[in-house]
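Hello,

Here is the structure I promised to pass on.

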Amino acid sequence: MNPLHELAAAYGVDAEVWSWQGEHAAVDDATLRAVLAALGADASSGDACRGELARLAAERAARPLPPYAVAREGDEVEVATSATGVTLTREDGTTTELAAVDGVVTLPADLPVGYHRLTAGDSGCAVIAPPRRVPLPPRLRSGPAWGLAAQLYSVRSRRSWGIGDLADLGTMAEWAAREHGADFVLVNPLHAAEVVAPMNPSPYSPTTRRFGNPMYLHVEDVPEYGRLDDATRSRVDDLGADVRSAAGDLLDRDAAWAAKRSALEVLHDVAPTAARAAAFAAYREREGVALRDFATWCAITDVHGNVRDAWPAGLQTPGTAAVAAFAAEHEPLVTFFAWSQWLLDEQLTGVQRRAVEAGMGLGIVHDVAVGVNPTGADAWALPGELATSVTVGAPPDAYSQTGQDWDQPPWRPDRLAALGYAPFRDLFAAAVRHSGGLRVDHVIGLFRLWWIPRGRPALAGTYVHYDHDAVIGILMIEAARAGAVLIGEDLGNVEPWVRDYLRERGIFGTSILWFEYDGDAPLSPERWRELCLASVTTHDLPPTTGYLAGDHVRLRHELGLLTRDYDEELGADRAAIERWLSVVRDAGLPTGDDEETVLSLHRLLGRAPSLLRCAALTDAVGDRRIQNQPGTTQQQHPNWQVPLSGPDGTPLLLDDVLTDGRAAAVAAAMRAAVGRDATHT
């Protein structure tokens with residue numbers, strides 16, 4: 001093997017790839033060198049590659065233990081060691097001495113699910129011990145469940161401040177559960193965004209995935225709001241009224257957050273009760289250094305703006321004396337941002353409680369984005385853990401034929417390994433804390449990610465691999481502890497064995513009707529997977545009314561995203577849709593006007609054995625506008641800025657959805673498909 005390819009293999013970097021059309025290609029050397037450089041390896045010449053390989057071998061030989069090991073429940077796992085014996089410390093603090101035999105120690109098969117540690121002298125090894133399988137939540141043991149999928153920011157009510165919020169989510173969950181027998185609401189990622197304008201509208205490009213976006217707070221539900229005097233309360237109410245009255249055709253996150261920020265500052269000035277002060281202190285202690293770092297980043301951004309290169313030099317790197325001095329000088333501001341996260345934690349807890357008390361078997365299903373934006377809190381706080389000279393994306397596929405560049409720095413797998421994949425433990429624990437389920441966007445990213453050298457096109461990338469046993473093991477531990485269902489978004493270029501791997505561990509896949517094929521023929525819903533979330537559409541496609549009309553083909557043509565002739569693409573799309581409509585008709589369901597066809601497509605989901613069935617709220621109300629066009633920028637298309645709208649394109653409030661006959665009909669079809677009778681509460 002040539003030294004460059006050998007070094008790439010040592011770092012888990014693919015030197016050859018297969019296209020979505022089944023074509024094999026070698027990755028060019030320039031891409032390999034750039035990706036290896038992002039991993040801290042010098043691949044500039046053959047001698048440099050050999051030197052790096054020798055360094056890696058020496059580093060491994062110098063460690064008595066590897067940095068981590070994965071011990072799946074019931075397995076006797078061997079861990080290599082150069083020590084004669086090691087100490088196993090279980091999560092509960094109990095210890096066992098293990099003797100090494102022929103350079104390995106064997107972990108006991110009855111090791112409890114959780115996190116343990118091996119030590120040999122000063123060397124430590126994190127032991128990740130996942131269950132064999134994530135248990136099904138009780139609700140799914142009795143049969144399938146249905147739920148709604150909604151982009152929360154777009155679902156506004158008469159009382160929300162220009163953006164759908166957590167009170168709206170609670171109302172939607174109660175309506176769906178009590179009136180229509182739904183068991184969950186799947187929402188977009190609620191991760192943190194910028195704290196000063198402009199706020200990135202994409203929920204999939206957060207500043208951090210560990211904390212949330214206080215834009216979703218419902219101001220009137222903050223306890224301190226009830227302690228305001230009449231004049232101050234009126235002033236706060238006016239802030240909400242102003243942003244509501246200014247609402248336009250597109251959502252304005254910056255205006256919504258500016259109004260809420262002003263209101264929250266008023267509420268923060270209210271002297272807390274002893275109980276509230278104690279609860280906030282407990283939250284800060286629980287979240288520890290991560291919260292302090294995030295709140296400090298928020299404060300620096302608030303003072304110096306979103307462009308980190310324009311910050312004073314001493315603030316551009318965490319952990320400096322300048323950062324400590326800034327945090328001390330701006331302690332009230334740092335505290336305010338930490339307090340905002342505490343309020344969000346409280347309201348997230350409350351909305352899950354509302355959903356469950358209304359009768360939902362799962363409640364809120366949260367979504368975890370694949371990465372973070374390159375100028376955010378994580379990129380600042382974790383500069384050594386992220387590869388900043390490359391970006392994450394996706395290679396070309398049938399839908400995004402020129403590939404995608406998400407402009408996100410990926411985690412370095414070598415650094416994650418050195419940390420025992422601990423950052424994922426904090427991320428997933430926070431993600432499942434307030435939910436009955438978790439959707440993992442682009443779940444293949446837990447196995448491999450498409451790295452693109454910055455400045456090069458998306459197709460000029462390659463895959464970099466992660467230890468999926470470790471990261472998925474952590475995900476399983478946290479889900480099992482929370483009693484949550486796990487859903488992997490396994491669309492696009494996913495190898496078949498990955499789906500088998502996830503299924504064996506009780507992790508659901510995702511089936512989108514338009515993408516389910518057996519060769520050139522639609523895959524009959526009766527043959528879909530049992531462990532999957534089945535739906536007609538997804539947020540990366542137009543709502544079904546628009547999809548039936550070919551809106552996605554026309555938009556991609558207008559934006560130059562097609563790689564074949566427009567008429568050819570439109571004809572192929574029309575033929576594919578007609579094949580599916582034939583399946584609908586063969587099932588004895590009508591395909592008349594759009595409303596009837598959408599209803600029949602959702603009834604068709606009832607033929608699938610899938611334990612989770614989902615209807616997009618946009619489909620339920622007849623919306624047609626595209627929420628997101630993959631592979632585009634905000635300048636090309638207003639991604640993530642479109643409010644929920646009716647069939648005529650007029651923005652639709654949640655208050656109107658609750659009495660909408662079209663929405664009720666789709667909900668009734670979904671309810672009937674899972675056998676939930678009208679007495680379900």
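Helix H5 is largely enclosed by the rest of the structure, because 11 of its 15 residues are buried (under 20% relative accessible area, 1.4 Å probe, protein chains only). Among the buried ones are Leu-166, Met-172, Trp-175 and His-180. This is a predicted model: local features need pLDDT of at least 70, side-chain atom pairs count only at pLDDT 80 or more, and totals for chains, interfaces and linings use all residues. Residues are numbered from 1 along each chain as its sequence is written, and side-chain values use heavy atoms, without hydrogens and water.

H5 covers residues 166–180 and reaches 20 Å from its first C-alpha to its last. Asp-165 caps the N-terminal end, with a side-chain oxygen 3.0 Å from the backbone nitrogen of Ala-167. Just after H5, Gly-181 takes a positive phi of about 70 degrees.

H5 also has a partner. Its axis and that of helix H10 (residues 331–357) come within 8 Å and cross at roughly 10 degrees. That makes the two roughly parallel (angles under 35 degrees). The contact (heavy atoms within 4.5 Å) includes Leu-169 and Ala-173 of H5 and Leu-348 and Val-351 of H10.

Now the loop residue. Ser-610 sits between helix H19 (594–604) and strand E25 (612–616). Ser-610 is buried, with a relative accessible area of 0%. Its side chain reaches the backbone oxygen of Arg-529 at 3.0 Å. Leaving aside neighbours within four places in sequence, Ser-610 is in contact with residues including Pro-144, Trp-528 and Cys-532.

Best wishes

Methods. Helix = DSSP H or I, 4+ residues; strand = E, 2+ residues; numbered from the N terminus. Expected span 1.5 Å × (residues − 1). Buried < 20%, exposed > 50% of the residue type's maximum accessible area, 1.4 Å probe, protein only. Polar contact = N/O pair within 3.5 Å; in protein donor to acceptor, adjacent residues only side chain to side chain. Axes fitted to C-alpha atoms, helices over the stretch in contact; angles between N-to-C directions. Parallel < 35°, antiparallel > 145°, perpendicular 65-115°, else oblique.
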